[in-house]
Amino acid sequence: MERQKNATGRRKEAVTRVFINRGDGKITVNGKDYKTYFPLLYLQNQVELPLKTIESLDKFDIVVNADGGGVKGQAEAVKLGIARALLQLNPEFRPALKQAGVLTRDSRGVERKKPGKKKARKGFQFSKR
């Protein structure tokens with residue numbers, strides 16, 4: 001039997017570990033079905049994107065441990081983790097996944113707060129009198 005593959009996905013402060021096996025399309029995030037964990041449809045689509053790209057939505061069982069960040073960051077981290085794990089299973093998936101843009105790590109994070117400002121760029125309210 002083929003060994004289970006695993007990969008890491010990161011986005012903002014979210015980190016996910018993705019374990020992938022041949023199966024019947026069950027995706028579990030932190031012990032819950034991904035549709036329960038990510039109730040918003042666009043986040044579910046983010047999670048499914050790598051599998052839809054290679055047209056194998058019902059061929060792999062995926063278990064995800066998600067930690068840190070918010071729900072959107074976690075969903076996008078899961079997307080990257082799944083894409084990387086699929087690449088380990090079959091390197092021939094690379095051109096399709098690359099074309100879909102799911103192999104690129106989105107490195108954007110929160111800009112740091114600057115001194116003399118309320119937030120990173122927002123200033124304090126100005127009062128003339």
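A salt bridge is defined here as a side-chain nitrogen of Lys or Arg within 4 Å of a carboxyl oxygen of Asp or Glu. The model is predicted, so local features need pLDDT of at least 70 and side-chain atom pairs count only at pLDDT 80 or more, whereas totals for chains, interfaces and linings use all residues. Residues are numbered from 1 along each chain as its sequence is written, and side-chain values use heavy atoms, with hydrogens and water left out.

The overall architecture is described first. The protein chain contains four helices and five strands, where helices (H or I, at least four residues) and strands (E, at least two) are DSSP runs numbered from the N terminus. Read from the N terminus, the order of these elements is β-β-β-β-α-α-β-α-α. The radius of gyration of the protein chain is 18 Å, well over the 14 Å that the globule rule gives for 129 residues, so the chain is more spread out than a compact globule. This radius is taken over C-alpha atoms, and the globule rule is 2.2 Å times the number of residues to the power 0.38. Along its principal axes, the C-alpha trace spans about 75 × 30 × 20 Å.

Of the 129 residues, 34% count as buried; buried means under 20% relative accessible area, exposed means over 50%, and partly exposed lies in between (1.4 Å probe, protein chains only). The protein chain exposes about 8,500 Å², of which carbon and sulfur atoms supply 49%. Accessible areas come from the Shrake-Rupley method with a 1.4 Å probe, and for residues only the protein chains shown count as cover. A contact means heavy atoms within 4.5 Å. Among contacts between residues at least 6 apart in sequence, 66% join residues at least 24 apart.

Q74 is found in helix 3, which covers residues 71-89, and Q74 is buried, with a relative accessible area of 7%. Leaving aside residues up to four places away in sequence, Q74 touches A14, T16, Y37, F38, A66, D67, G68 and G69. A85 also belongs to helix 3 and is buried, with a relative accessible area of 0%. With residues up to four places away in sequence again not counted, A85 touches K5, A7, V18 and I20. A85 and R3 are 82 residues apart in sequence and 12 Å apart in space, C-alpha to C-alpha.

The charged side chains form a further theme. The protein chain has 29 positive and 13 negative side chains, and the centres of the two sets lie 15 Å apart. For this count, Lys and Arg are positive and Asp and Glu negative, while His and the chain ends are not counted. The place of a charge is taken as NZ of Lys, CZ of Arg, CG of Asp or CD of Glu. Side chains of opposite charge can pair when their charged atoms come close. The structure holds seven salt bridges.

One of these salt bridges joins the side chains of E76 and K72 (2.8 Å, N to O). Both residues lie in helix 3, four residues apart, about one turn of the helix. E76 counts as buried at 14% relative accessibility, whereas K72 counts as partly exposed at 37%. A salt bridge also links the side chains of E111 and K114 (2.8 Å, N to O). E111 is partly exposed, with a relative accessible area of 38%, and K114 is partly exposed, with a relative accessible area of 25%. The side chain of E111 meets that of R121 in another salt bridge (3.1 Å, N to O). R121 and E111 are 10 residues apart, in the segment after helix 4 (94-100). R121 counts as exposed, at 64% relative accessibility. Salt bridges that share partners join R11, K72, E76, D106 and R108 into one network.

Backbone geometry was considered last. Most residues other than glycine have a negative phi, and most peptide bonds are trans. Phi of K12 is near 50 degrees, a positive value in a residue other than glycine; K12 is placed in the loop between strand 1 (5-11) and strand 2 (14-22). N30 likewise has a positive phi, near 50 degrees, and occupies the loop between strand 3 (27-29) and strand 4 (32-33). N30 is partly exposed, with a relative accessible area of 34%.
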